[in-house]
Each structure stands twice: as structure tokens, then as C-alpha cells.
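Subject: Structure handover

Hello,

Here is the structure you are taking over, with notes on what turned up in it. Please keep it open while you read.

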Amino acid sequence: MTLTLDGILARALAGRPPTDDQARALADAGDLQQLASAAARLRDAGHRDRISYSRKVFIPLTQLCRDVCHYCTFAHPPRRGERAYLTPEEVLAVARAGQRAGCQEALFTLGDKPELRYAVARRELEALGHPTTLSYLAAMAELVFRETGLLPHLNPGVMTAKDLAGLRRVSVSQGIMLESAAERLCQKGGPHHGSPDKRPAVRLETLRLAGEAAIPFTSGILIGIGETRAERIAALLALRALHEAHGHIQEVIVQNFRAKADTRMASAPEPSADELVWTIAVARLLLGAAANIQAPPNLSPDALPRLIGAGINDWGGVSPVTPDHVNPEAPWPELRRLQQATAAAGKTLVQRLAIYPAYALDGDRWLDPLFRTPVLQAIDAEGLARVDDWSPGEAKRPPADALDPWPDFPATPVGEEFDRILARGRDGAELSEAQVTRLFQARGAEVARLCQAADGLRREVNGDRVSYVVTRNINYTNVCYFRCQFCAFSKGKLSENLRGRPYDLDAAEIQRRSLEAWERGATEVCMQGGIHPEYTGATYLAILDAVKAATPAMHVHAFSPLEVYQGAKTLGLPLPDYLAELKRHGLGSLPGTAAEVLDDEVRKVICPDKITTQQWLEVMAAAHRAGLMSTTTIMYGHVERSLHWARHLLRLRRQQQETGGFTEFVPLPFVHMEAPIYLKGCARKGPTYREAVLMHAVARLALHPHIRNIQTSWVKMGPEGAAACLNAGANDLGGTLMNETITRAAGAEHGQEMPPEAMERLIRDIGRVPVQRTTTYGKVPQERIVASFDAAPMREAINTPARRYERTSAARELLRPGLAE
């Protein structure tokens, strides 16, 4: 069936790319504005308002080449007095300059197999100890990575399967420009005559082999070198077919020819801006919404808004330190200018790595083992570049530009769709999974708008009071037989973490700490610990009895859903019956820990033998029905993505609607430094600062009006970070803690206690009113408040050694509920 242009565009916008015949018909499409408008809409459907770039350093390993493209000034014959190859020292000097300038990509560009044409190339390679240019390239890519951490992207030309496999081991991505699928351009008089590596079939074969090798690959077309529009479409269709077969073409570049002096094509006409816009638009329509389409900004510096309007979503690599050696007459735009142009077009500039986000997030498939950990630890939850060096728990100030990398420029306008989501959240309507995810993806001006909306809602719900509780953490044992991959607290032969000495507090020490906390003004003791192999449900009852015997008026906030579940199972009691027993022995409320991320896709990675999402929710529902209130948490920033955060929040919201027992939501950013999963190279470095602040803001909107209190963790966020969260939807500063050990064991540096004096100073410094609260947000008796100020120093805590668990394991069969599902 023959479709009109309107029909082809409607089909593309509905997610059905044009067929090959329909694509070929676009060669005659004359309405440029209609094409560009449809392409821009399609781009927005896949990439919203984002335009990405990579901060790179350009390393021209050799400018000798066996090919003689008639438009190229990068490649040249050997020159007297010039080396054929950069030396290792020269390569590292360029790379280190890029490292100092904040680059993350090392782009290696070079001529194709010069040793097949030039004796000087063969002699230098021999002196360097390498048989081929590709062998030397592999060595230099690995050298740069190991010495600087820059991620290599390699453009070495035509390759065999063996070549590709060898270079995959030393790079995160590779590329070859198809340039054109027109064989006639290789004939006499054509721009590729005399260039055997520019034959389309040869280059397409390299692209096919790269797909079979699962290499993230860059390709593209060069327009204005004598090809027709139909031939451009043919090239794009060839790339589309390869990507459909292998999924490996991470970006398609539409590059416009620039005439260069001292070349055979010095007087050839350059393609017009309209021709470039037409080609970009057609590329978008053929390749679809999700494709990454790039146009080099330095080749069209006066047409950047038009390029965005035609459907690109990427500017490519931009270097703050090296020129574009392929187009030396066209300097890179300064990044601030690129940001200005991007914002003027209503888009947000975001930084990526050499490897695009979708591929970075699936490193097991697309990356050699050498790069999986470095890439994982260089990205955020969306696979974009991690652009700040802040991590939860580290004693450093949050970066000033972490929430807005371009604070000196006019903000990109926030879209109507984003504002509609904010309005729904403020109105208390349940947001969809996609809408919550969208809020977590906020960048640039959206971050400020989201934080303002959350803070305004906080003011409506909680006023200007910031609450906190005077509490003592008592972690009664660090012996645990579960193997949670994120936990640096648990010790013993049965745990994942074997560092440190295992302990198991006796009743006398628990009582001493409880009494000391009471004397220092506490209204609560918060008690949790590892799942000790010898603990049963009776152990937890005995702990409650010990605390209540020493401090009858103390509120006991204790036992995660995992401990409750394990305790009930070991006694053979139904959950409601065991919870009733806990309550009878003095339990006042439950901490909402062990939630981690309430999505079993994530839990199978970070805590496979722990209780499942459904089991966690069942314990909480039973506790609420038994009259026990609880907090709820999320531990985020390790292996999960923003989609999982959205699912977690919505599951909490729905649970709260049913049982109403959650007093607060507590975001707990992952502290990575000593966590086993991080030390194994399998986790990110916690959330970025932007992600950490957004968790509080999005939670305020997504949980409204059912969970009224959002807490920020000073021990993980630090004082400055906690203050930022209090201005982004949070209204509670948590507990004074007295003995914080779990986060400290993971490497946090923010101390074990924030006394009331420091709490209230922080709160007043941001213009808010401090107020002490009870665990369940009640009023604190005045005598407790008085006792909490100017409290005596704590005596040294005694951790009763559990020497048996330094060397041996228990014989009793152990409950691992997560593995039973």
C-alpha cells in the first residue's frame, strides 16, 4: 500500500518506522518543516528534552592511512621529521591533560592500516614492538585506561572478527563511519576512489561482525560528497537492518562535508543547512524514537537550534583540551556556549560516557569484564555520567552545582507534562509508575521545580517545624547468617562480610545502654541486629524484657520485618500471634528496615535469601493490624534503577492506604565504601547527590497524603545534605542515635551522634523551628527535653565477643525465606 507523506509520518509517530519502500519514497519529500517537526516530536518521545554529549580527549594515534579519501586532511603521507605514531609518552600526555580537564572518554582516531602502504609505518611499529597498527592501538588504549581511568572509544577502520574481539578487551565502544552505501563513489572520479577500505560492503561487514561480537558501535553517514538523497536513505536502511539484527549501533552520526584546502575536493560545494536538516529528520524517522542521532556541533556552529529542531539528541564528543583533528578548521564549541544553545532550544544538556546509557546499564552483555566495574561506578541510575564526586557517608560538602550543572545560565523551561505530574502529586492523586519514574529523571530546571513543589507541600502538611527524636541505637549483635551483598555490619563465618570481630551483647549490657540513654533524655531505644544463627523468637522477647526491666517508660522501637518473620517461624507461630507476644513484652513499634528496594528483581541481586517483597509487606500489614506502628525505608543507589524506586514508593502508598500504620518514610542512601557488593565491583557508589535529594522530594509527592512525614538521614547525607533535603520535602531529621554503628561499618564518616544542640542549630540555620517528638510523632514531656540537653558523655560501650562465630558455623538448619520462593 502506498502511503502519503502524512501517512508515513503518522506511522512513524505511532512507533512504526517506515518500511523500506516508504523510506525510499521520502527522497522526494519536499516539505522540510513537516519532516523536521515530525522528527523532533519523535525524538522527544524517546529522549524528552535531553541532548547528551561526552566529555572527551582526542588522541590521533597515527595520521598515516592506506586510503586516499579526496576530502580528508586528517590522513597524510609521511612527512620528513615527523613520527608516524604518537609515542606512549605522547599518548599519555594527551590523556592526562584530558583527565585534568574532567574528561571521561579517550577517543582514539587513526588511519586505516598504514603499515600496508608505508615502510616508515612498518619500521616504527617494529621499533615499538608491535606487528600491526591495531596491536599498538590495543596497547595504547589499555595504557590510557590503566593510567588515567579514561574510557577508550576506538575508530580504527575496517576490522576482522579477530581484530574486533581483540579491541573489545581494551575499549568500551568502537566505531566506523559507513559514510555512504553508494558503491559508485568508489569508482574513478569519486571521493573514495583508491580507498579500498571505503567500499560499502567492506564497512558493512565490519559493522555486522561488531554486532555478532556484542560491541557498542558508532556509525553514520557523511553527506555532501556526491551522493543522492536516495543513497543516503539506502545507507540509513542498511544501518537500521544491522541494528535490528544485533542491537549494537549505539549512535548514528549525520556529518556534513566541509571543504578543506589542499584536498581534491577543496572547491566542492558543501551541503546546505537545509540538506543537513533534511537528512537528520529522515534519519530520525527511519531509525525511531529510541535511536541516538548525533550531529557534530563544530561543523554547523550557526545552525545548532535547527539541528535540535530536526531530531538529534546528541552532540557527540566535545573536547575541552584537544582539537577535532579530522576537522581542524572547525573548533569545538566551548561547553558553556553549547549549553546556551541547547537551553535556547528548550532542551537540557546532559553528560554521558563514551558508551551510551542503555549499553552502560547492561554491562554484562556489552562490556569486557575489565570495564564492567569502572563503567558501573561512573554512571548514575539512568546510565548517564556521574558528574559529581559526592557519595553518601563521605565527610565532604556536596558540590555546589550538583543539582544544576549550569547555574549561571537561563533555565530550560519546564514542560507542561512535568508540571501536570507535580500538580497531581500535590493534589494527592496516585501517580502512575511511569509518572513517578519521570520525576526521578528530573534534570536542570526540573530539579528546582520538583524540590520547590515538594517543599511547598511539606509546608502545607507539616508547617515549618522540623522534628527529631532523642534515641539510642542498640545493635545487639553483628553476627548474621544472611548474605546481604550491601551489608558491611554483619560479621562471622556465615555472613558475607568477614572483616571485624563478631559480638553478641548480653542482657546486662543492653540494660546498661538503655538506662544510660534514659539518663541522657532519650524517649526511644532503636534495636536491630544481625540474624544470629542461635536466635529464635524467644530471644527477641528476652531482649524486650531486659529493656523494660531497666527502663519501664522507654519506647522500644525494634526488630525489622526480617527479625519478626524469623522469630515467628522459629517458634512455629503465625505472624499475628507472634506480634501480639512482642507487643505484650513491651514492643512499641517496628523500624521499616530490611525493605531495601521492594522489588524482587533487585532483591535477587542484593539480598537473595532475605524475605521477599511480599513477605515484608505481610509482616508490616500484620503489625499494623496488631496496633504496632512502623517506619518505612528505602536503601538505594547500588544496582537498581529509577523504575524500581517508583515501584517501591507505590507499594508503600498502597499498603498505607490499606493499613495506615506507617509513621514516616526514611530514604537511606547506599553507603558503598565497605559494602561487599561494591568491593566486588558490582554496585554503584551510592546515589548521586541529585538522586539523593530527589528521593526525598519525589517521596513527598508520591506518598501524599497517606504518609505525612519524610525523614532525612544526617548520618548518610551529612549536615549540608540533610539541610538540602529539609528544603526539598523532608520535615524530620531522624534520631540523635548516640551509638550509630551500621552506617559507620559501611564507611560513613559523619559520626555516631548528633546531640539535640547540634540538631536544633542545623534546623534553625535553615530558618525552621526545631521540635522534639516521640517515636510516633507525639509530644515529648518537658523533663525528657531538659534531660536531653547538656547530657553527660557516654561511657564506653562493651561489645560482648561472640568468639564461636569467628571460626565456626551453626549446625541448626537456618531459615532463608527469600530462597524458598
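In helix 24 (residues 613-625), the residues T613, W616, L617, M620, A621, H624 and R625 meet R651, L652, Q655 and T659 of helix 25 (residues 642-659), contact meaning heavy atoms within 4.5 Å. By class, this contact of helix 24 with helix 25 holds 5 nonpolar, 4 polar and 2 charged residues. Ala, Val, Leu, Ile, Met, Phe, Trp, Tyr, Cys and Pro count as nonpolar, Asp, Glu, Lys and Arg as charged, and the others, Gly among them, as polar. The two axes come within 10 Å and cross at roughly 25°; axes are lines fitted to C-alpha atoms, for helices over the stretch in contact, and angles run from 0 to 180 degrees between N-to-C directions. Helix 24 and helix 25 are therefore roughly parallel to each other (under 35 degrees counts as roughly parallel, over 145 as roughly antiparallel, 65 to 115 as roughly perpendicular, the rest as oblique). Their crossing is right-handed; right-handed means that the near helix is turned clockwise from the far one by less than a right angle, and left-handed anticlockwise.

The model is predicted, with local features needing pLDDT of at least 70 and side-chain atom pairs counting only at pLDDT 80 or more, while totals for chains, interfaces and linings use all residues. Residues are numbered from 1 along each chain as its sequence is written, and side-chain values use heavy atoms, with hydrogens and water left out. Helices (H or I, at least four residues) and strands (E, at least two) are DSSP runs, numbered from the N terminus.

The crossing here is left-handed. E417, F418, I421, L422 and R424 of helix 16 meet Q435, R438 and L439 of helix 17, a contact of 4 nonpolar, 1 polar and 3 charged residues.

Six strands form an open sheet in the order 11-12-13-14-15-16, with parallel pairing; two strands pair if DSSP finds at least two bridges between them. Strand 11 (471-475) and strand 16 (662-669) are at the edges with a single partner strand each, so one side of each has no neighbour in the sheet. From one strand to the next the twist averages 30°. Strand 11 is joined to strand 12 (residues 524-528) by 5 bridges, and N475 stands opposite Q528. Strand 13 (residues 555-558) pairs with strand 14 (residues 587-590) over 2 bridges, with L587 as the bridge partner of V556. Strand 14 also pairs with strand 15 (residues 629-636) over 2 bridges, where S589 stands opposite M629.

Another open sheet has 3 strands in the order 17-10-18, with parallel pairing. Strand 17 (732-735) and strand 18 (769-772) are its edge strands, each pairing on one side only. Strand 10 (residues 465-469) pairs with strand 18 over 4 bridges, and R465 stands opposite V769. Helix 28 (residues 714-726) lies across strand 10 and strand 17, at about 160° to strand 17.

Last, confidence. The protein averages a pLDDT of 92, and 93% of the residues score at least 70; pLDDT is the predictor's confidence in each residue, from 0 to 100. Over residues 490-499 the pLDDT is below 50, and over residues 742-748 it stays under 50. Where pLDDT is low, the predicted coordinates should not be read in detail.

Regards
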